[in-house]
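My notes follow the order in which I looked.

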Amino acid sequence: MTGTLQDGSTFTGQLSNLSTSVVNGVLQLSGTITGTGLPTAGTTFTAPIQDLTAAGTGCSVLDLDLGPLHLDLLGLVVDLAPVHLDITAVPGAGNLLGNLVCAVAGLLDQNGPLTGVSALLNRLLTGLGL
């Protein structure tokens with residue numbers, strides 16, 4: 001990889017010891033950068049990969065599909081056309097209800113979905129020797 005140091009000079013180096021973790025709902029990549037212009041032991045870093053709690057992303061709350069329904073209850077006839085109901089909560093600044101529903105929707109998740117993503121990425125990074 002190539003990059004620019006704080007003094008404006010450029011360097012060439014490589015990444016090693018890569019791993020991922022979840023910190024405050026944000027998937028993070030950590031590792032070591034070694035190369036020209038850096039300490040011999042390398043420089044450790046941590047950088048966000050993606051903030052899944054950022055505004056614009058949503059939490060699926062309910063996805064319900066009902067087929068056509070015909071009921072005849074002692075002379076009261078009810079006909080229902082097919083229905084598709086999709087409820088998504090969108091968290092973010094000023095979205096009080098979206099923030100609340102997303103938080104409640106994730107309460108039953110054991111360690112949340114990002115923990116699984118992080119574990120998968122760590123297995124991939126280990127398999128690639130990074």
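The entries below go from the whole chain to single residues.

**Ground rules.** I am working with a predicted model, in which local features need pLDDT of at least 70 and side-chain atom pairs count only at pLDDT 80 or more, while totals for chains, interfaces and linings use all residues. I number residues from 1 along each chain as its sequence is written, and side-chain values use heavy atoms, with hydrogens and water left out.

**Whole chain.** I looked up the secondary structure and found 2 helices and 8 strands in the protein chain, in the order β-β-β-β-β-β-β-β-α-α from the N terminus; helices (H or I, at least four residues) and strands (E, at least two) are DSSP runs, numbered from the N terminus. Of the 130 residues, 17% count as buried, where buried means under 20% relative accessible area, exposed over 50%, and partly exposed in between (1.4 Å probe, protein chains only). I also noted that, of the contacts (heavy atoms within 4.5 Å) with a separation of 6 or more, 37% are between residues 24 or more positions apart.

**Confidence.** I checked pLDDT, the predictor's confidence in each residue from 0 to 100, and the protein chain averages 76, with 81% of the residues scoring at least 70. Confidence is lowest in strand β4 (residues 43-51), at a mean of 72, and highest in strand β7 (residues 76-80), at 89. Over residues 51-55 pLDDT stays under 50, and I note 10 contacts beyond four places in sequence for them in the model.

**Strand β3.** I looked up T32, which lies in strand β3 (residues 26-35) and counts as buried because its relative accessibility is 9%. Not counting residues up to four places away in sequence, T32 touches residues including L15, S16, A41 and F45. Q28 also lies in strand β3 and is buried, with a relative accessible area of 13%; beyond four places in sequence, its contacts include V23, P48 and I49.

**From T32 to N17.** The side chain of T32 makes a polar contact with the side chain of N17 at 3.4 Å; such a contact is a pair of N or O atoms within 3.5 Å, and within protein one must be able to donate a hydrogen and the other to accept it, while residues adjacent in sequence count only if both atoms are side-chain atoms. N17 sits in strand β2 (residues 10-23) and is exposed, at 56% relative accessible area.

**Backbone angles.** I noted a positive phi of about 55° at N17, although N17 is not a glycine. Most residues other than glycine have a negative phi. L74, not a glycine, has a positive phi of about 55°; L74 lies in the loop between β6 (69-73) and β7 and counts as exposed because its relative accessibility is 92%.
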